[in-house]
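Work through the exercises below with the sequence and the model open. Each task is followed by a solution in steps.

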Number of protein chains: 4
Amino acid sequence: MKIGIINVTWYAGIELARILYRHPEAEVVSVTGRSQAGEELGNALPHLSRMDITIEPEITRSVDIVFSALPQVASAEACVPFARDGVRVVDISADFRLHDPAEYALWYGAEHPAPDLLETSVYGLTELDRDGISSAQLVANPGCYPTAALLALAPVVEKGLISDQVVVDCKSGVSGAGRGLSMTTHFSEVNENVFAYSVGGHRHLPEITQELRRIKDGYAPRVLFQPHLIPMTRGILDTIYADFVDGAFASAEEASASVTELYREYYRDEPFVKVTDKPPQTKQTWGNNDCLVYPTVDRHTRKLVVFSALDNLVKGAAGQAVQNMNLMFGLPEATGLEQLAIYP
Amino acid sequence: MKIGIINVTWYAGIELARILYRHPEAEVVSVTGRSQAGEELGNALPHLSRMDITIEPEITRSVDIVFSALPQVASAEACVPFARDGVRVVDISADFRLHDPAEYALWYGAEHPAPDLLETSVYGLTELDRDGISSAQLVANPGCYPTAALLALAPVVEKGLISDQVVVDCKSGVSGAGRGLSMTTHFSEVNENVFAYSVGGHRHLPEITQELRRIKDGYAPRVLFQPHLIPMTRGILDTIYADFVDGAFASAEEASASVTELYREYYRDEPFVKVTDKPPQTKQTWGNNDCLVYPTVDRHTRKLVVFSALDNLVKGAAGQAVQNMNLMFGLPEATGLEQLAIYP
Amino acid sequence: MKIGIINVTWYAGIELARILYRHPEAEVVSVTGRSQAGEELGNALPHLSRMDITIEPEITRSVDIVFSALPQVASAEACVPFARDGVRVVDISADFRLHDPAEYALWYGAEHPAPDLLETSVYGLTELDRDGISSAQLVANPGCYPTAALLALAPVVEKGLISDQVVVDCKSGVSGAGRGLSMTTHFSEVNENVFAYSVGGHRHLPEITQELRRIKDGYAPRVLFQPHLIPMTRGILDTIYADFVDGAFASAEEASASVTELYREYYRDEPFVKVTDKPPQTKQTWGNNDCLVYPTVDRHTRKLVVFSALDNLVKGAAGQAVQNMNLMFGLPEATGLEQLAIYP
Amino acid sequence: MKIGIINVTWYAGIELARILYRHPEAEVVSVTGRSQAGEELGNALPHLSRMDITIEPEITRSVDIVFSALPQVASAEACVPFARDGVRVVDISADFRLHDPAEYALWYGAEHPAPDLLETSVYGLTELDRDGISSAQLVANPGCYPTAALLALAPVVEKGLISDQVVVDCKSGVSGAGRGLSMTTHFSEVNENVFAYSVGGHRHLPEITQELRRIKDGYAPRVLFQPHLIPMTRGILDTIYADFVDGAFASAEEASASVTELYREYYRDEPFVKVTDKPPQTKQTWGNNDCLVYPTVDRHTRKLVVFSALDNLVKGAAGQAVQNMNLMFGLPEATGLEQLAIYP
């Protein structure tokens, strides 16, 4: 399988290169980068020096699949020609996630360059749509926050157990903001600091809402999604608060036992979603493709509280992209993704 | 004013010593520490070397006020003799915060050694009970999380604007866990990591509930309080989600304007509570006594979301203790607490 | 005393504002900033919101002293008009530190705009030149690394005890690189990382060499100065390796005792230089103006090893600038600088 | 190959388990841990939950090789029975590194329990003694600092190019101090802090000296080895300063070119030692087995300065242990160690 990576020098691209280098069925044959075109990849990124490849301005060689790690808008423009040309595409940006062009324009402040592709692109949350992804021409790889939130909520939403009011309180490491320079990613400003951002609405909100609706017909959630930046490089922890629908359970104890059982059953055969016995720690997923989910019922308020942890650059980006690629090409889903988390 | 500090070698005690060293009306005349008794304070803690004082096993000199920075249970035992002796006491531990001995026994796993003092001790959240604190013999200094949560909720609770369902999602630096060694405060385990703890119930929960009830007669909140540990030393950020009572406001816009105005009015003359225009950052309070509060109304869900940030060792512990001492001795409340936050 | 701060929005300027706000004899009457002119200072930097002042494009009001926190070259241009106008100036940049214009051009890649002022400017390492600073029109505030290195070496250099070979291995927090955005100050690149930079020659090298020569006539040191960036915000630790001249001491034991005594004597009455009993930690100086110096003699190699720690933004920048201002205006040197370090 | 890991719950043991889980020729059949015996490994260490194995008090099953991740002294006691029994052993502790029992007693404060084995144990710095390691019964895996220092110095020492005076200034992440709780590994004490430790002599010093002597007959180095603790989890950077012997090179330029060429040649075919073009960053080795070496000649002082970076838990501990195991069993040396560093 010949692979192209667009914008290999951003974090999702860097991580794709790392993972694919060890993938037994994949060969990265072309990588692009904007400011560093012409440079050896191993010069720009010394930890990738074992990969003997030069950064190019454009994907020039024939490839079976293209991954794009460009930021939104630019990514759509880069992906469209490949998609129209019959090359399979996994777009790690947000450009093909929202199926409604108006919604896209509203949240991303730009007209979508290929609204027809929004109809056929497949939202690539692997565990929730294996059939769609397998046959997709263009996969929209999910955002890191939505991946954690949707995996945390899917079991109870599908069963119709929770009301429409959902609070998703997220804590993210700084690499989620990408490699672009800004005051809020400047070390001295973010170290020894925590704060909320995108108060009033983050772009991952419509994505979460759209996909929750797809999990259960007629479910119309009202999600309050609030991200926070914390001083670490990798990792996302979502803490999700929801109310059970009336009559769902007779008592908090019953709810607790049933919910745990439901999650265990739902994710029984999943290679990368683990239902844990204790609150998950992001460090337990550092560098690997797991999403750790821990559902609980608060005995004081009877609310459902679900914790969900993952590495935003792996299951939240490049790892899931490779997981999707494996599905698209009929490979065992975990191929190239077997690495354990690195702890501590 | 002659001052004694019990357990000066723990973080709240260290911070008290730092603040009181510059307090123009205070003289620290006796400090105790368990394992380091006999040592010069400046040897045990070099940044305090300008204080020429030796750590003792017990407070031996006559003092006007004693601060205790011991852990719970031990603190009550150390404070009781002083309180009974007519020395004024500020206990930074949790031992005199809950007025109900049964509740204390439930959450702290020990019978209270002086239940009679639970009736007369005053909960020392300065802004909410200046009269009580001024004349108190024994002040129970609030926990760091409750200080942030109560200041964030007081205006809307007092006005009866929110329902009984309140979610308090907290992010805390590691110094909140104290100076005691444990695997969850071991650098390599907590660095580059985030996780929830005390899932199912944290000891600050009954304290928050008790004090919310006092703010408004008849208010019976059901609080879900969930703390998280994040890789930084100081700082707490509380993110609080609540629903307005039916009919409180006609629209999200109206709610937003009214709530902001309400908070500004409520804290207009406060020296240490600032209602901010933007989401507060804990780093903006690093080393000083401010609590930054930012109320918002989410336009998608119409929920009230309040952010509240402070330095857990200052406004969340030693700073508020000094603020209370100032009140108790008729000094201007900000005396010794004028230092700005250190940024970055 | 009316004070102007040029470029208050960079770290040294921010720190100056914080310190001067509490200085009993100083009033900050005008502050400038490039991109944020017109904004309230408290809006740009919320921790300074108690200062009721607007950022201006230029210093417009009459002032007794101007501090410049601009980067080099720009700083000289901004300072010269004030200096020529008889306003006293403390330049925190490197622009007036090197007295030789050719050396300046070599290291800073620009012709100096006012070489005549290089002759009269005074290098402001307070402890080493109080007379010069007191009467100076224009003080060149030292770099953070040179401050730590020169204070660590002055006693033995003045006594002629060490040879000309000196290795200065430095570890610095990231705020030393300023507030300008760059890949090496991007959180995810520098967190959980350590590396050397400016290999082959850092701009602080000629400054160290120039001033060591001034300490002792005829001393011609060959300094190898190697800085490293470490993942923290504030703090510098210099580890300095030197050889004693032949015959300086009969044994390592004698050297050790003599050197400790020499340092204690040399810095006996200094308010801000502390000779410590144990290896100093940068955290013991966090936010205050101390420089901690710990001289030792290695018993295996008989080398002198001196450790020197300070807060790069205080004693390494704004704090020393205020210390110099105090001297220039005949105030007690520690005025406004009494704050203890904040630990932890 | 059946493998036992003694003390799997300490960092080197944790890392061994992670690496060996993916090793195609290895099967971990028995793991021990002191306080957690009886627990599932995946319960004690959730990131290892894919390994279906229970922590035992002792290695009970028959194994081909035993790794010990115990602390010194305890490790020797645990390893000796296996070594005497004909089981091959890689001891990650320091217990079999010093060949002189008197030296061991001096530095470790205990009589060695099996001094005869000190004569036959092989120091396992893979690149420097492949023959010895291949046939060794008992391999003493090197310390993290010595690995970095010896690889940085071997080429010039072997060629006799440097004098006996060598300064090794090291910066280490906190995981090098192990998983044992202490005040200097307590998050709030070490975060935002840097300091020197083991001033006057660290236990890795005799190990470095012993092995440098072995590299070249007659070389009698006087090493000043000074470690520093910095606020990160993993990674070691050694900065090494040495003088060339008289007449080694005619000029700094010639020295620089020759030295670079010498290092490139020396490590030309090494899978895990990379001679870099730029100062190495520890983050470029995060989680993998590389040691990055960058030799330079300072043009001002003509000193040799070598930078050397590695992950203290991989090439500095568990990775090198597996590399040695591969040699001992005739496997390709890189087996199981192909993972790239994870960046950022």
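Predicted model: local features only at pLDDT ≥ 70, side-chain atom pairs only at ≥ 80, totals over all residues.

Residues are numbered from 1 along each chain as its sequence is written, chains are lettered from A and ligands numbered from 1 in the order in which they are written, and side-chain values use heavy atoms, with hydrogens and water left out.

**Exercise 1.** Find how Arg18(D) and Glu15(D) are linked, and state whether they are buried or exposed.

Step 1. Apply the criterion: a salt bridge is a side-chain nitrogen of Lys or Arg within 4 Å of a carboxyl oxygen of Asp or Glu. Arg18(D) and Glu15(D) form such a bridge, with N to O at 2.7 Å.

Step 2. Locate the pair. Both belong to helix H1 (residues 11-21) of chain D; because they are three residues apart there, about one helical turn separates them. Helices (H or I, at least four residues) and strands (E, at least two) are DSSP runs, numbered from the N terminus.

Step 3. Check accessibility, where buried means under 20% relative accessible area, exposed over 50%, and partly exposed in between (1.4 Å probe, protein chains only). Both Arg18(D) and Glu15(D) are buried.

**Exercise 2.** Determine which parts of chain D the salt bridge between Asp116(D) and Arg84(D) ties together.

Step 1. The N to O distance of this salt bridge is 2.8 Å.

Step 2. Asp116(D) is in helix H5 (residues 115-120) of chain D and Arg84(D) in helix H3 (residues 74-84) of chain D, so the bridge ties together parts 32 residues apart in sequence.

Step 3. Asp116(D) has 38% relative accessibility and counts as partly exposed; Arg84(D), at 48%, is also partly exposed.

**Exercise 3.** Give the strand order of the open sheet in chain C and identify its edge strands.

Step 1. The order of the seven strands is E3-E2-E1-E4-E5-E7-E6 (chain C), and the pairing is parallel. Two strands pair if DSSP finds at least two bridges between them.

Step 2. Strand E3 (55-56) and strand E6 (122-123) of chain C are the edges, since each pairs on one side only.

Step 3. Inspect one pair: strand E4 (residues 65-68) and strand E5 (residues 88-91) of chain C are joined in the parallel sense over four bridges. Ser68(C) has Asp91(C) in E5(C) as its bridge partner.
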